[in-house]
Amino acid sequence: MSDTPEVRIDAGGERVRVRAGASPTEVRDEATRNEIRRAAVWLGMAGAIALVVLLIQPLLIIFAALVFAALLDGGVRLLGRVLPIGRSWRLLIVCLLTIAFLLGTFYLAGVQIAAQAQQLRSTVEVQVLRVSGWLSAQGLMPGASDLSGVAKQAMSSLGRVTSWLGTAAGALTSGFMIVVLGLFIAIDPHGYERGLQWMVPERNRVEFAVTLKRMAQTLRRLLAGRLLGMAFEGVLTAIALWIVGVPMAMILGILTGLLAFIPNIGAFISGALMVAVGFSAGAHTGVLAIVVYIVVQTFDGYVVIPMVAKRTVDLPPALTLGAQILASALFGIMGLALADPMTAILKTAMERRSENVEDGQARD
């Protein structure tokens, strides 16, 4: 092996001295190089999966910001149909209207909402103690001392995935990050879309752009329908509970509307709260609360949801519930809240893939 350096010229005309001879780390056998490439691909995939597991909470925050940005973008597009001004101005109007609505609601009914929220908490605690005491007396549930041990064991087994949700500071920080990221994305969504396209191989960019566009449309329709359903269910529940005389009708209506963002599970939780508050005022009021819950959910399930689904996104209930169970088990509360958007965009991507396969078979 010669130690004499060679003088070589690069494409720009620059002369450099290069050591001649083979490198001791160079693999000349083609079969060995192929095996190394395959091993590198598998190691890269394993490393990517491990990285996703470690960064699952930041990734969920980013996805929640995308959902919030899609919500703002839907409002901006809707406002653009009646107000032909710049996008930035329309986004500012949407944000100001949202803030004005929230501040106005809490200003007009803030004291009543706060009082009812405190009363609701006390009522639910008393009702839970009554039910658990009755179940313990019937031998269907462990005693209070055993319950504390079970609760401690359950809380200790939650792990790192959901531990950050245990503090109010973590929830507030995550919410702030979601809002800020969503605002930045909503200001210039096409800039981020071009960045994503740039990361995709050029031959696949057209297909990627079409799929991304359909995902965005699906997400906007899903959120629009969900907001409409939340508003309708919350208002109808509050009015019906107020008519039949159930206490804390306003706060129960607000909670029902908010929990309607999570189909199936949210309705179950809101129904349990209604029944608990109703029976705290007497057996007759409790029965009326059950009737209100059944009527509202029946009307919502057979009238409102089908009408909204025709214009938005029709997700089968079993698919939605299964996705919620998996997402909540894997990612905690935030996964439960984001299960529907995740399912909707995955369904859109699979439908687009199926279209491409059918087109290919038709051409063949």
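These exercises walk through a predicted model of one protein, each with a worked solution.

Residues are numbered from 1 along each chain as its sequence is written. Local features need pLDDT of at least 70 and side-chain atom pairs count only at pLDDT 80 or more, while totals for chains, interfaces and linings use all residues; side-chain values use heavy atoms, with hydrogens and water left out.

**Exercise 1: Overview**

Find how many helices and strands the protein has, and what share of its residues is buried.

Solution. Start with the elements: helices (H or I, at least four residues) and strands (E, at least two) are DSSP runs, numbered from the N terminus. The protein has 14 helices and 2 strands. Next comes burial, where buried means under 20% relative accessible area, exposed over 50%, and partly exposed in between (1.4 Å probe, protein chains only). Of the 364 residues, 29% are buried.

**Exercise 2: Two helix pairs**

Solution. Two packed helices are described by the angle between their axes and the distance between the axes.

Step 1. Look at who touches whom, with contact meaning heavy atoms within 4.5 Å. Helix 9 uses Leu252, Leu255, Thr256 and Leu259, and helix 10 brings residues including Ile269, Leu273 and Val277. By class, this contact of helix 9 with helix 10 has 7 nonpolar, 3 polar and no charged residues (Ala, Val, Leu, Ile, Met, Phe, Trp, Tyr, Cys and Pro count as nonpolar, Asp, Glu, Lys and Arg as charged, and the others, Gly among them, as polar).

Step 2. Among the residues in contact are Val67 and Arg77 of helix 2, and Leu219 and Arg220 of helix 8. The contact of helix 2 with helix 8 divides into 7 nonpolar, 1 polar and 3 charged residues.

**Exercise 3: The nonpolar cores**

Solution. A nonpolar core is a set of buried Ala, Val, Leu, Ile, Met, Phe, Trp, Tyr and Cys residues joined through side-chain atoms within 4.5 Å. The largest one has 17 residues, and those with the most contacts inside it include Leu60, Phe63 and Leu338. Helix 2 (56-80), helix 8 (205-244), helix 12 (317-331) and helix 14 (339-363) each give two or more residues to this core. Helix 2 gives the most, with 7 residues. A second, separate core of 13 residues includes Val246 and Val292.

**Exercise 4: Buried or exposed?**

Decide whether Thr348, Arg226 and Asp314 are buried or exposed.

Solution. Thr348 is in helix 14. Because its relative accessibility is 7%, Thr348 counts as buried. Arg226, in helix 8, is buried too, with a relative accessible area of 15%. Asp314 sits in the loop between helix 11 (283-311) and helix 12, and is exposed at 53%.
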